[in-house]
Amino acid sequence: MVQHTKNSGDVDQWIAKLKNYELLHETEVKQLCEKAIEIMAEEPNIRNVQSPVTICGDIRGQFFDLLEMFKVGGSPPDTSYVFQGGYMGRGVDSIETISLLLALKVRYPELITLLLGRSEIESLP
């Protein structure tokens with residue numbers, strides 16, 4: 001059963017802004033992070049993911065590559081995704097990239113899985 005965030009008006013607006021390459025205001029980013037933490041804190045460490053699913057490797061802040069992946073592979077809620085970490089880094093659009101992924105996670109918590117990679121955990125060598 002696919003669950004979608006209730007009262008998703010703000011989140012839908014954030015997703016639309018981000019897809020148009022507009023930054024969210026600081027207060028919106030804080031709200032987004034709070035909602036994402038709330039959702040991800042409830043998820044188990046090991047998650048069952050329903051197939052079919054598209055698995056994506058490191059994005060490294062390549063925002064327009066992320067948009068292209070959605071264009072080619074389909075956007076949620078039509079397609080489920082597992083992202084394997086490496087969200088920020090080499091690309092100049094790291095904030096836009098992680099903001100869009102978090103907004104999609106908040107909007108479609110069962111369709112977007114965000115894993116932690118080595119770059120997200122400072123304590124790993």
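Predicted model: local features only at pLDDT ≥ 70, side-chain atom pairs only at ≥ 80, totals over all residues.

Visitor: What secondary structure does the chain have?
Guide: The chain comes to four helices and three strands.

Visitor: In what order do the elements run from the N terminus on?
Guide: They run α-α-β-α-β-α-β.

Visitor: How much of the chain is buried?
Guide: Of its 125 residues, 40% count as buried. The chain exposes about 7800 Å², and carbon and sulfur atoms supply 52% of that area.

Visitor: And the contacts, how far apart in sequence are the residues they join?
Guide: Take the contacts between residues at least 6 apart in sequence: 78% of them join residues at least 24 apart.

Visitor: On to the sheet. Parallel or antiparallel?
Guide: The pairing is parallel. The sheet is open, with its three strands in the order β1-β2-β3. At the edges are β1, residues 54-56, and β3, residues 112-114, each of which pairs on one side only.

Visitor: By how much are neighbouring strands turned against each other?
Guide: On average by 15°, with direction ignored.

Visitor: What holds strands of a sheet together in general?
Guide: Strands pair through backbone hydrogen bonds, in either the parallel or the antiparallel way.

Visitor: How many bridges are there between β1 and β2?
Guide: Three bridges, in the parallel sense, and β2 is residues 81-83. As one detail of the pairing, C56 stands opposite F83 in β2.

Visitor: Which helix packs on the sheet, touching β1 and β2?
Guide: That is α3, residues 63-73, and its direction makes about 155° with that of β2.

Visitor: Change of topic: α2. What span should it have, and what does it have?
Guide: Helix α2 is residues 26-41, and its 16 residues should span 22 Å at 1.5 Å a residue. The C-alpha atoms at its ends are 22 Å apart, so the two values agree.

Visitor: Which residues of α2 are buried?
Guide: E28, L32, A36 and I39 are buried in α2. These residues cover an arc of only 65° around the axis, so they lie on the same side of α2.

Visitor: What about the other side of α2?
Guide: E26, E34, I37, E38 and A41 are there, and they are exposed.

Visitor: And what covers the buried residues of α2?
Guide: The cover includes α1, residues 9-19, and α4, residues 94-107.

Visitor: What is phi for Y21?
Guide: Near 65°, a positive value in a residue other than glycine. Y21 is in the loop between α1 and α2. Its relative accessible area is 39%, so Y21 counts as partly exposed.

Visitor: And what is phi for R60?
Guide: Near 55°, also a positive value in a residue other than glycine. R60 is found in the loop between β1 and α3.

Visitor: Is R60 buried or exposed?
Guide: Buried: its relative accessibility is 18%, and the cut-off for buried is under 20%.

Methods:
Residues numbered from 1 in each chain as written. Heavy atoms only, no water. Pairing = 2+ DSSP bridges. Helix = DSSP H or I, 4+ residues; strand = E, 2+ residues; numbered from the N terminus. Axes fitted to C-alpha atoms, helices over the stretch in contact; angles between N-to-C directions. Contact = heavy atoms within 4.5 Å. Buried < 20%, exposed > 50% of the residue type's maximum accessible area, 1.4 Å probe, protein only. Areas by Shrake-Rupley, 256 points an atom, 1.4 Å probe, with all protein chains shown as cover. Expected span 1.5 Å × (residues − 1). Arc of directions from axis to C-beta.
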